[in-house]
Amino acid sequence: MLTQTTTRVLEPSDLGAALAILESEPVANAFVTSRVQVAGLDPWRLGGEMWGWYADGRLRSLCYAGANLVPICAGPEAVRAFADRARRAGRRCSSIVGPAEPAALLWRLLEPGWGPAREVRANQPLMVTESPSADIAPDPLVRRIRKDETDILMPACVAMFTEEVGISPLAGDGGLLYQARVAELIGAGRSFARIDDGKVVFKAEIGAATTQACQIQGVWVAPEHRGKGLSETGMAAVLRYALADVAPIVSLYVNDYNAPARKAYRRVGFRETGTFMSVLF
């Protein structure tokens, strides 16, 4: 029996069906779910298109196509359909990100036309916790950043991004979009740091947040303070805020080769539950 399939750009009227898929895997889909809950499916507000893959008339899988290309709840057939659409549209994204299996297949299909990538991070453990470890005391000096402290925080954000991604977020548009994102997180009360003598010692953000799950990102310790356990006590503080004020499940993903960070996160209470993959252009 043949299955009838099709792929199309979703419209605002498809919001309910799209959210049902997104919320079926609240941790893995936190980044895209948080955007859709705020912006809906209008491409201008969402910052990209949401593609839907249908089988026998029912929406089964999604793919967010914006600054990132993100396959969502996508099996092999859906990934192939999304790859065909992406290939026809041409590369508009700066990365492919998502659960490792569909992201890897998507990249294999797109690499002949889109490659080479600047970097492929094929194994990024997804870590999750619902409760903090009792072994690590939260740093009492880590707190929410105020709007009037944006200029103090920004150099640390730029340093973190440059270290993590390999390019400066100030390139291209002079950093306008990146600065707007930093300001957005500060305004939402989801940016945290420890500031000593006017300089950021530790920082992290809750980058994506839904009522079901949230995702910590941008963890950074000033180079001169590394090796002192600040990543553990700082993360314990951010985790406390996240669980109390944002969502009952907190997640993050980390590069597999970053053994110190993985160890620190485990000590704080995170456990590895899956694997993400990132392809950077």
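Visitor: Helices (H or I, at least four residues) and strands (E, at least two) are DSSP runs, numbered from the N terminus; in which strand is the place of Asn 68?

Guide: Asn 68 sits in β4. Before going on: this is a predicted model, where local features need pLDDT of at least 70, side-chain atom pairs count only at pLDDT 80 or more, and totals for chains, interfaces and linings use all residues. Residues are numbered from 1 along each chain as its sequence is written, and side-chain values use heavy atoms, with hydrogens and water left out.

Visitor: Fine. What does Asn 68 touch, not counting residues up to four places away in sequence?

Guide: With contact taken as heavy atoms within 4.5 Å, and residues up to four places away in sequence left out, Asn 68 touches Phe 31, Cys 93, Ser 94, Ser 95 and Val 97.

Visitor: Ser 95, then. Which residue in β12 is the bridge partner of Ser 95?

Guide: Leu 280 is the bridge partner of Ser 95. Two strands pair if DSSP finds at least two bridges between them; β5 (residues 95-99) and β12 do so in the antiparallel sense, over five bridges.

Visitor: And which residue stands opposite Leu 280?

Guide: Glu 119 stands opposite this β12 residue, Leu 280. Glu 119 also opens β6 (119-129). That strand, β6, is joined to β12 (residues 271-280) by eight bridges, and the two run antiparallel.

Visitor: Another pair there: what is the bridge partner of Met 127 in β12?

Guide: Met 127 is bridged to Glu 272.

Visitor: How many bridges join β6 to β11?

Guide: There are four, and those strands run antiparallel. One example is Val 128, whose bridge partner in β11 is Ser 251.

Visitor: Zoom out. In what order do the twelve strands of the open sheet come?

Guide: The order is β1-β2-β3-β4-β5-β12-β6-β11-β10-β9-β8-β7, with mixed pairing. The edges are taken by β1 (5-9) and β7 (143-144); each has a single partner strand, so one side of each has no neighbour in the sheet.

Visitor: What sits in the loop between β8 and β9?

Guide: Asp 197 has its place there, with β8 spanning 191-196 and β9 spanning 199-209. Although Asp 197 is not a glycine, its phi is positive, at about 50°. The cut-offs for accessibility are buried under 20% relative accessible area, exposed over 50% and partly exposed in between (1.4 Å probe, protein chains only). Asp 197 counts as exposed because its relative accessibility is 82%.

Visitor: Which other loop? Say, where does Cys 73 lie?

Guide: Cys 73 lies in the loop between β4 (68-72) and α4 (76-89). The phi of Cys 73 is near 50°, a positive value in a residue other than glycine. Cys 73 has a relative accessible area of 24%, so it is partly exposed.

Visitor: Is the peptide bond from Gly 115 to Pro 116 cis or trans?

Guide: The bond from Gly 115 to Pro 116 is cis, with omega near -5°. Pro 116 is in the loop that runs between α5 (100-114) and β6.

Visitor: Aromatics next. How many aromatic pairs are there?

Guide: Rings of Phe, Tyr and Trp (its six-membered ring) pair if their centres lie within 6.5 Å, with planes under 30 degrees apart called stacked, over 60 edge-to-face and the rest tilted. The count by this rule is eight aromatic pairs. One of them, Tyr 265 with Phe 270, is edge-to-face, at 6.3 Å centre to centre and 65° between the planes.

Visitor: Are Tyr 265 and Phe 270 buried or exposed?

Guide: Both Tyr 265 and Phe 270 are buried.

Visitor: Which residues do ring pairs link into a cluster?

Guide: Trp 107, Trp 114 and Phe 281 are linked that way.

Visitor: Last one. In which helix is Ala 171 found?

Guide: Ala 171 belongs to α7 (residues 171-174). At 53% relative accessibility, Ala 171 is classed as exposed. Its C-alpha atom is separated by 18 Å from that of Ala 183, twelve residues apart along the chain.
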